[in-house]
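Here is a friendly walk through a few local features, with the model open beside you. Let us begin with a pair of packed helices and then move on to a loop residue and a cavity.

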Amino acid sequence: MPSLPDGTGLPSTHPLVDGRTATSPLIDAYRARTPRRRPVWFMRQAGRSLPEYRESRAGTAMLEACLTPPLAAEITLQPVRRHDVDAGIFFSDIVVPLKLAGVDVRIEPGVGPVFGTAHRTAAEVDRLVTEHPAESLDEDALAPITEAVRLTVAELGSTPLIGFAGAPFTLAAYLVEGRPSRDHLAARALMHGDPQTWARLTAWAADVAGRFLRAQVLAGASAVQLFDSWAGSLSLDNYLRSVAPASHRTLSHVADLGVPRVHFGTGTGELLAAMRDVGADVVGVDDRIALDEAVRRLDGRVPVQGNIDPALLAAPWPVLEAHVRDVVARGAVAPGHVVNLGHGVPPTTDPDVLTRVVSLIHSIED
Ligand code: CP3
């Protein structure tokens, strides 16, 4: 399911169509064209590592911030202004579309998404999908997202905005357990113990995430990233049987729009090709596998994104610099490389280090 040419199916005022972002370094690298400089952005670049973020967020709960368009736009723009990164990542959260569909969820500081109830039985899943149908995520319900994306894109100019969503497995891992868990045992038990209920839950999550993605793209996002952060807890067999169909379904929601689709998870060394094959144009790689080895497992067919070890952001500069240069050298074997971390920016990161990493990456000659 390769993407259509850039901008197919988008309004003529979209940044990918009117020329603002079509030849940006990010989009060129995602399309396996030669970018005019080596693109870099960071997962969780908007967040607690930035003092201006902590100030903006003071007194406002996470989901409230996500649903206040001028605030979500401001927070999205902060790391772009500060670090000269090559993309903004929309400030939101993977549970925001669930919240907009009326699901009882909040984000606890230091913990993550916490639901009013767990969804472990057929009856609980049944109630979830009937009381909160994916179709309830209509234009009205998604208005705070659309508005925030419009405000952000108007400020970003030629820097592309990346929209995102949580993949069905990662969403289900939270929904089934009702809160974050280390091994996602309850979700995996449901997957095997009641495959029909599992299919119902993940198909619903796929449509919720797909509608969230589509709204961001139509409002001006130039690329999307599907986060299947916890997919690495699955074997390839289980992934292919119980997860890949739903992830494919999510990405299908934007397949007609001609925007690059990135797919990322952690601990996914064994799953990289399978994650590409659900409809990704670019595969995000975490730091547990060497980038050139990841490219080999992907048969060199798609651009990659990654995979600086976030832990090294706290190492002495010469150690970090050598690591960044090594990642860039290994990425050169791919048809395209967008530099990123292997996972999110740790909240304790010194923002000046991130700025220095960006400038190093931009300075490295081919
Ligand atoms: O720059 C960006 O990447 C910002 C946008 C963003 C956030 N969450 C903001 C956020 C994105 C893309 C996400 C995705 C997300 N959310 C994922 C997938 C990516 C990943 O990290 O694997 C997941 C699994 C979640 C669920 C979630 N939300 C967790 C685990 C947490 C951390 C809880 C904590 O406090 O440590 C959140 C909260 C969250 N999402 C914060 C931010 C900036 C921290 C909230 C705060 O500042 O109080």
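In this predicted model, helix α7 meets helix α10 through Ile145, Thr146, Val149 and Arg150 on the α7 side and Phe212, Ala215, Gln216 and Ala219 on the α10 side. Sorted by type, the residues of this contact are five nonpolar, two polar and one charged.

How do the two helices lie against each other? Two packed helices are described by the angle between their axes and the distance between the axes. Here the axes of α7 and α10 come within 8 Å and cross at roughly 35 degrees, and the crossing is right-handed. Helix α7 covers residues 143-156, while α10 covers residues 195-219.

Next, a loop residue. Ser229 sits in the loop that runs between β5 (223-227) and α11 (236-242). Is Ser229 buried or exposed? Its relative accessible area is 10%, which is under the 20% cut-off, so Ser229 counts as buried. Leaving aside residues up to four places away in sequence, Ser229 touches Thr170, Phe264, Gly265, Thr266 and His343.

Finally, the structure contains one cavity of 30 Å³ or more. The largest cavity has a volume of about 30 Å³. Its lining is made up of Pro15, Thr21, Val153, Leu156, Gly157, Thr159, Pro160, Leu161, Gly220 and Ser222.

Definitions and conventions. Residues numbered from 1 in each chain as written. Predicted model: local features only at pLDDT ≥ 70, side-chain atom pairs only at ≥ 80, totals over all residues. Heavy atoms only, no water. 1 Å grid on protein atoms, 1.4 Å probe; cavity = no way out; pocket = protein on both sides within 12 Å on 5 of 7 lines; lining within 4 Å. Points joined across faces, edges and corners; volume = space filled by probe spheres on them. Axes fitted to C-alpha atoms, helices over the stretch in contact; angles between N-to-C directions. Helix = DSSP H or I, 4+ residues; strand = E, 2+ residues; numbered from the N terminus. Left-handed = near helix turned anticlockwise from the far one by under 90°. Contact = heavy atoms within 4.5 Å. Nonpolar A, V, L, I, M, F, W, Y, C, P; charged D, E, K, R; others polar. Buried < 20%, exposed > 50% of the residue type's maximum accessible area, 1.4 Å probe, protein only.
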